[in-house]
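Biologist: I have the sequence and the coordinates open next to each other. Could you walk me through what you would look at?

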Amino acid sequence: MGRECHPTLKGIIRREREKRLFRRGLSSREMEALAAVCETVFPPLSAGAAAAAAAAAAAGEFEGRTDRVEERADEAVRFFYELSASQAPVPHEVAELLGRRGLIEAVILVRTVLWALSTRLGTMLLCGSLCVGGRWPYVNRFSSMGSDRREKVLRRGLNHRFLTPVRLVFMYLKVLCLYVLFSRVDEKGENPLWKAIGYQVDEEEELSKPEMGRPLEKGIIETVYSTDPDLLQSFKQKGLEVAQDSKNRIYRIKCDAVILGSGCGGGVAAAVLAGSGYKVVVLEKGNYYTHKDYSSLEGPSMDQLYESGGILTTSAGNMLILAGSTVGGGSAVNWSASIRTPDTVLQEWAEKHGIELFGSKEYASAMDIVCERIGVTDQCVEQGFQNKVLRAGCEKLGLEINAVPRNSSEGHFCGSCGYGCRRGDKQGTDSTWLVDAVNRGAVILSGCKAERLVFERNIPGRARRKKCIGVIAKSMNGDIENVLQFEAKVTVSACGALLTPPLLISSGLKNKHIGRNLRLHPVAMAWGHFPLDSSSQLSGTSYQGGIITSIHKVVEGNPYPKVRAIIETPSLGPASFAAMCPWESGLDIKDRMTKYARTANFITIVRDQGRGEVTRKGNISYKLDSEDKENLKAGLRQSLRILIAAGADEVGTHRSDGLRMKCRGGTASEDQVEEFLGRVSVEDGPLAIGEKWGTHSSAHQMGSCRMGINEKEGAVDEKGESWEAEGLFVCDASVLPTAVGVNPMITIESTAYCIAKRIAEYLSARGLLKSPKSRSDILMNDK
């Protein structure tokens, strides 16, 4: 299957019907106001401005082209500057995305503001004197205002000190508009704007091993392609004991262990339990894709492979959150960083939190086993552009820079692993642990969502009053009407730190730690632009090469330095880049985008002390701690120093006011640099009162069902078992006592390995099998 056959592209035509249905929810006036906002965000510029931009392109000031012909460059750039985001179907796709992915509270707020802007009175209230004209009826609706006035309204709205709900709406619409504009593709997988910004999807990315095929084929049941009769037959073919309750439309399936989720926690648990001889069923609400299905197309890939299509924020809009939602979970779409749990963190968890596991040889051995199974190496044959910049800047400043171990080969040079690895090189659970599991008889149901855990009263005298006896699930395929009830000896929730708590709470569990203590590893970004120079050693583009191959630690103190933050490099497709850029004007956002390919982006990650809550699906609250803000600021300042030292001609942050400095290839004086760094700050989100604000991001979520030595300290015990219900285990990032401080994949998989062995012991103690298999049998590394 090539790019044209990618399942997400097949869905484009189908979603046209969904768009028409949603447009009925927006009045024609609301759509008119929305189109006017879209045009303001990304306006058509005058022929003169477009011609000047095209001339700059011909002079070589736009980067990222290799075999550029001047006439074609002129035409592409002229088209880019003259295009308006109000042109169909962009506003309709923004409306559709808002309705399909937005929180209901956000949808209501956005529609309220759009309705106000569609009336003269509402426009007067929100825009003030800017809407007043010199002719009858004197007060204009937003769509009738001049473009310069609308731009002033949007700029004022995004920076108003007190009208924070309006600011949130404008921020939300700006993000959706730019995201749609740069992620939408036609049937050929192309976007006409990409040429002007130097972006292309490389067909040669698909260099996967031909013998890989579909490694989970013999164990997977893809409910998205099934009907009720097909599903029943598939259960029987996979060796599952199933009974049909036709009257109540229920399939009752028996197994030893049902695991909810297939990512870093669920995948490892499935392999260990299946290797111990138990009948395992894995439920995954995402769909199953292999290397041949991936397209490297940002919009379709985010839509299918990420929670909420990659459009997930906290309720206050202060954090953009990425979480995988496919077979393999986050391991299928993460950036390959495979860093062991730091010793200082293990010591804290063992001593301060009393979780002896993390100070044991067992856990250290688990990390060795995990790294061996997923093929971790710290060797890297070639650095990508962004990592070259990070290394060059650190070396010039005399700062320590380290290699990042990855679960891929040393020659892996894929910049699009965040959209699934088309080379089949990255070793996620979908190509390792889950393969081990299905080879030992496990069954995986994709497109199947856990709805509610099932409990019964426990035997009197037991420590836990409830006993979990399974889960009720539903296929995401509307053609399957039967409910699925899995009856299991153990139920393992591995839905991740954002979805395990809502499932437990909606099923009736009451422990106060469920859904609390959420840690997000908040990220702040810095950027630097590097004009293309034939003499520069910093060749390449921001979207090519290994995503994270280098790391710099920001430390303080001697002789025992404390790590305040880590600096790495991200994967940012053009849509994500545009959505996260500060918006100052239509011309500015277009100028920023033309520099996309040669803009190096750094992420500052901190081990957060602040915490959030997630008690209902999609409803996430989080607030930065004051110490976190200071650590993020220290990381941002260090990032900017490194970018300047590496030779950037301009650097900046993503603060709402577009804070940046021209440094002309590192020629800025030390005083100028220090004055600029002194203005760097970390602000709260768009709902915070004040002119400056910021939106941060998170790709790591953990701690929301943390381990504790008793039910007053945590939601689960050291074995991962719920303090409230026997037979219910949690085996994902939510059990971690605090944030890890580094990319957490190895920590999650190692913790899951230890918990899964304890689950096997639990089952063995109840007489299902005499004893779990040996470690070598559990590892099942079939090479």
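Modeller: I would begin with helix α13, where E298, G299, P300, S301, M302, D303 and L305 are buried, buried meaning under 20% relative accessible area, with exposed over 50% and partly exposed in between, for a 1.4 Å probe and protein chains only. Since 7 of the 8 residues of α13 (residues 298-305) are buried, the helix is largely enclosed by the rest of the structure. Helices here are DSSP runs of H or I with at least four residues, strands are runs of E with at least two, and both are numbered from the N terminus.

Biologist: And what are the ground rules for this model?

Modeller: This is a predicted model, in which local features need pLDDT of at least 70 and side-chain atom pairs count only at pLDDT 80 or more, whereas totals for chains, interfaces and linings use all residues. Residues are numbered from 1 along each chain as its sequence is written, and side-chain values use heavy atoms, leaving out hydrogens and water.

Biologist: OK, aromatics then: how many aromatic pairs are there?

Modeller: Rings of Phe, Tyr and Trp (its six-membered ring) pair if their centres lie within 6.5 Å, and planes under 30 degrees apart count as stacked, over 60 as edge-to-face and the rest as tilted. By this rule the count comes to 16 aromatic pairs. One of them is edge-to-face, between Y199 and Y543, at 4.7 Å centre to centre with 70 degrees between the planes. This pair links distant parts of the chain, 344 residues apart, with Y199 in the loop between α10 (194-197) and β1 (220-222) and Y543 in the loop between β11 (523-529) and β12 (550-556).

Biologist: Is Y543 buried or exposed?

Modeller: Y543 is buried, with a relative accessible area of 14%, and Y199 is buried too, at 8%. Y543 also forms a stacked pair with Y596, 6.0 Å centre to centre and 0 degrees between the planes. Because Y543 lies in the loop between β11 and β12 and Y596 in the loop between α21 (586-594) and β14 (599-605), that pair ties together parts that are 53 residues apart in sequence. Y596 is buried at 1%, and W194, Y199, Y543, F577 and Y596 form one aromatic cluster.

Biologist: Switching topic, how do α2 and α6 pack?

Modeller: Helix α2 (residues 28-41) and helix α6 (residues 104-117) pack at an angle of about 95 degrees with their axes 8 Å apart, where axes are lines fitted to C-alpha atoms, for helices over the stretch in contact, and angles run from 0 to 180 degrees between N-to-C directions. In the contact, taken as heavy atoms within 4.5 Å, E30, A33, L34 and V37 in α2 meet R111, L114, W115 and L117 in α6.
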